[in-house]
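This briefing concerns helix geometry, core packing and aromatic pairs, taken in that order. Please read it alongside the sequence and the coordinates.

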Amino acid sequence: MQPGTRVKNWLPAIVWACLISILSTDVFSSEHTSTFIIPALHWLFPHAGTETLHLMHTVIRKCAHLTEYFIFSIFLLQVLRGNDRGWTLRWAIWVVVIVLGYAALDEFHQVFVPSRHASPWDALLDTAGAAVAQVVLWLWYSPKRHVTGDW
């Protein structure tokens, strides 16, 4: 492995982890995102009531959790497999364990942010996003295994 390859493999995961940390700050709290998401939802759904708009805002935020960690999981798989290709259960398990740890740290960080609150359910949702990504990658690489016979 060339010296720059290791850095190249880690860079997307590190940048994405930093983005996740930024999204965990006060600026992206529910209180702040509601100031632009709810008006946008109201514009899209003018007949929706306040309760419905707030529910949609919550669903959007929870989908963001899934998406953030889905993508993080893909980047971590690239790190773990290095120059190898494909998908293995061992790599996937390690990715999900790493994501679980990072999600737990992220929620712990939110304890210290006044406008945020830590939730083990959010960490579980984050981990679910990573697990879903690994299932998608397994399905993506699966047909190639059947063609080559490489298990």
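In this predicted model, helix α2 bends by about 35 degrees at F36, and a proline, P39, follows within four residues. The points below begin with that helix and then turn to the nonpolar cores and the aromatic rings.

**Helix α2**
- Helix α2 covers residues 30–44, and at 1.5 Å a residue its 15 residues should span 21 Å, which agrees with the 19 Å between its end C-alpha atoms.
- T33, I37, I38 and L41 are the buried residues of α2, and the buried residues of this helix pack against α3 (50–81).

**Nonpolar cores**
- The largest nonpolar core holds 19 residues, of which Y69, F72, L76, L77, W87 and V99 touch the most other members, and the elements giving two or more residues to this core are α1 (3–23), α3, α4 (89–110) and α5 (120–148).
- With neighbours within four places in sequence left aside, L77 is in contact with G86, W87, W91, V95, Q134 and L137.
- A second, separate core of 5 residues has I37, I38, L41 and L53 among its members.

**Aromatic pairs**
- The count comes to 5 aromatic pairs, one of them the edge-to-face pair of W16 and F75, at 5.9 Å centre to centre and with 70 degrees between the planes.
- Because W16 lies in helix α1 and F75 in helix α3, this pair ties together parts that are 59 residues apart in sequence.
- Y69 and F72 also form an edge-to-face pair, at 6.1 Å centre to centre with 80 degrees between the planes; being 3 residues apart in helix α3, they are separated by about one helical turn.
- Y69 is buried, with a relative accessible area of 0%, F72 is buried at 3%, and Y69, F72 and Y102 form one aromatic cluster.

Conventions
Residues are numbered from 1 along each chain as its sequence is written. This is a predicted model: local features need pLDDT of at least 70, side-chain atom pairs count only at pLDDT 80 or more; totals for chains, interfaces and linings use all residues. Side-chain values use heavy atoms; hydrogens and water are left out. The expected span of a helix is 1.5 Å times one less than its number of residues. The bend at a residue is the angle between axes fitted to the seven residues ending there and the seven starting there. Buried means under 20% relative accessible area, exposed over 50%, partly exposed in between (1.4 Å probe, protein chains only). Contact means heavy atoms within 4.5 Å. A nonpolar core is a set of buried Ala, Val, Leu, Ile, Met, Phe, Trp, Tyr and Cys residues joined through side-chain atoms within 4.5 Å. Rings of Phe, Tyr and Trp (its six-membered ring) pair if their centres lie within 6.5 Å; planes under 30 degrees apart count as stacked, over 60 as edge-to-face and the rest as tilted.
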